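Okay, thanks for making time, everyone. Let me put the model up and then talk you through it.

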Number of protein chains: 4
Amino acid sequence: MEELIQSIRDFARDRDWDKFHSPKNLAMALSVEVAEIVEHFQWLTQRQSDELDREKLEQIEAEIADVMIYLTRLADRLGIDPVAAAKEKMRLNEKKYPVEKAKGNAAKYTEL
Amino acid sequence: MEELIQSIRDFARDRDWDKFHSPKNLAMALSVEVAEIVEHFQWLTQRQSDELDREKLEQIEAEIADVMIYLTRLADRLGIDPVAAAKEKMRLNEKKYPVEKAKGNAAKYTEL
Amino acid sequence: MEELIQSIRDFARDRDWDKFHSPKNLAMALSVEVAEIVEHFQWLTQRQSDELDREKLEQIEAEIADVMIYLTRLADRLGIDPVAAAKEKMRLNEKKYPVEKAKGNAAKYTEL
Amino acid sequence: MEELIQSIRDFARDRDWDKFHSPKNLAMALSVEVAEIVEHFQWLTQRQSDELDREKLEQIEAEIADVMIYLTRLADRLGIDPVAAAKEKMRLNEKKYPVEKAKGNAAKYTEL
């Protein structure tokens with residue numbers, strides 16, 4: 001991750017793009033890239049979305065990469081470590097969604 | 001990352017949530033979580049988005065964590081390594097956006 | 001529609017919210033409201049999404065209303081008539097997706 | 001609006017696309033189209049987003065049309081009138097955001 005963060009920083013700095021990379025703009029770009037993932041799945045059944053051919057998978061991999069890049073960049077601009085934040089959130093989720101109540105139930109935790 | 005991937009896998013399996021986690025559904029959930037980041041920034045100026053107070057930052061950190069979790073989960077379900085994919089994409093970006101052409105210019109590479 | 005457009009204009013003006021309603025900000029708000037629709041559907045099967053109970057339908061109706069409001073507001077700020085634009089687009093779609101080629105096929109028109 | 005609703009219905013029926021148009025799928029398509037609006041604004045300042053040239057405006061008009069089409073289609077599939085829903089929501093908004101409290105303040109109503 002550290003190598004990725006640094007390469008994105010260098011990339012933006014070398015192109016003088018830091019001025020475009022306000023957190024507000026990066027949040028927008030992140031949402032645009034996520035929509036490019038969603039686009040691949042919008043007309044598929046859930047089953048089809050689990051049985052993608054190699055070509056489709058490679059296209060989606062490229063979109064996942066873009067989301068990862070913008071998420072990493074946004075987090076970096078805000079001084080946030082996204083992997084550490086995700087681990088901490090998983091610890092909270094363990095408490096919010098106790099196994100005995102959540103099992104087999106996708107209801108939001110507030111509805112449990 | 002490997003530890004995060006595994007903890008998300010265990011979390012879903014323990015709750016019998018694998019059945020909800022089709023790539024199609026995960027793509028939707030990812031887009032919903034990204035919107036929760038965007039919501040924090042929608043009425044801010046770019047400058048304000050760069051000068052967040054601690055409380056706001058903690059709220060956004062929790063949303064970034066959720067995006068990271070769903071992105072990791074989606075990639076895992078598709079057999080994709082999101083960090084490796086992002087690094088490979090950065091290598092391609094270096095070629096698509098040569099410094100001399102891209103400097104200070106946010107135009108999409110197709111318009112360069 | 002004209003009545004709706006005017007009521008949104010008055011609402012924003014009375015609250016001195018025009019300054020927040022740049023097209024950039026309205027596009028962000030629009031995407032946030034759409035995600036609130038998506039959230040209702042993210043864990044449902046397609047069949048379940050077609051068999052919503054009254055309570056769920058009323059919640060989704062409120063989210064559709066919010067999307068309509070921001071879409072109308074954004075279009076108004078840009079001097080665009082969204083209904084006329086949609087009708088014109090449908091005329092183009094008739095040509096881009098000829099019945100004989102598109103029948104039963106959700107492939108994007110570029111792939112037809 | 002009624003004419004638009006009917007033309008979208010006919011368009012989908014003639015192409016045998018009703019089977020793809022579950023509310024779940026339409027919500028996804030709606031979010032993808034909104035992202036195409038957001039993409040036009042992501043690197044602009046708020047001021048630039050208010051001073052678009054004719055070419056850009058025409059591109060955004062086409063995206064607004066797509067959002068309007070999918071929003072109308074989704075509402076139609078759910079038996080919802082989006083314009084009536086928006087008007088009703090505006091009546092609620094008048095109460096939730098009283099002028100004296102909301103004036104010049106973009107804080108969400110829950111924070112007022």
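I'll start with the aromatic pairs and then go to the interface of chain C and chain B.

Quick housekeeping: this is a predicted model, so local features need pLDDT of at least 70, side-chain atom pairs count only at pLDDT 80 or more, and totals for chains, interfaces and linings use all residues. Residues are numbered from 1 along each chain as its sequence is written, chains are lettered from A and ligands numbered from 1 in the order in which they are written, and side-chain values use heavy atoms, with hydrogens and water left out.

Tyr70(A) sits in helix H4 (residues 54–77) of chain A, and Trp43(D) in the loop between helix H2 (23–41) and helix H3 (46–49) of chain D, so the pair joins two chains. Helices here are DSSP runs of H or I, at least four residues, numbered from the N terminus. Both Tyr70(A) and Trp43(D) are buried, that is, under 20% relative accessible area with a 1.4 Å probe, protein chains only.

Now, how are the rings of Tyr97(C) and Phe11(D) arranged? Their centres are 6.2 Å apart and their planes at 90°, so it's edge-to-face. Tyr97(C) counts as buried at 13% relative accessibility, and Phe11(D) is buried too, at 6%. Over in chains A and B, ring pairs tie Phe11(A), Trp17(A) and Tyr97(B) into a cluster.

On to the interface. Rotating chain C by 180°, with 0.0 Å of shift along the axis, superposes it on chain B with an RMSD of 0.0 Å, using least squares on C-alpha atoms of residues with pLDDT of at least 70 in both. From chain C, Ala35(C) comes closest to that axis, its C-alpha at 3.1 Å.

In terms of contacts (heavy atoms within 4.5 Å), 19 residues of chain C touch 19 of chain B. About 1,400 Å² is buried between them, 69% of it from carbon and sulfur atoms; that's accessible area (1.4 Å probe) lost on putting the two together, summed over both. Val32(C), Gln42(C) and Trp43(C) supply 41% of what chain C buries against chain B, more than any other three residues.

Key:
Buried < 20%, exposed > 50% of the residue type's maximum accessible area, 1.4 Å probe, protein only. Phe/Tyr/Trp six-rings, centres within 6.5 Å; stacked < 30°, edge-to-face > 60°.
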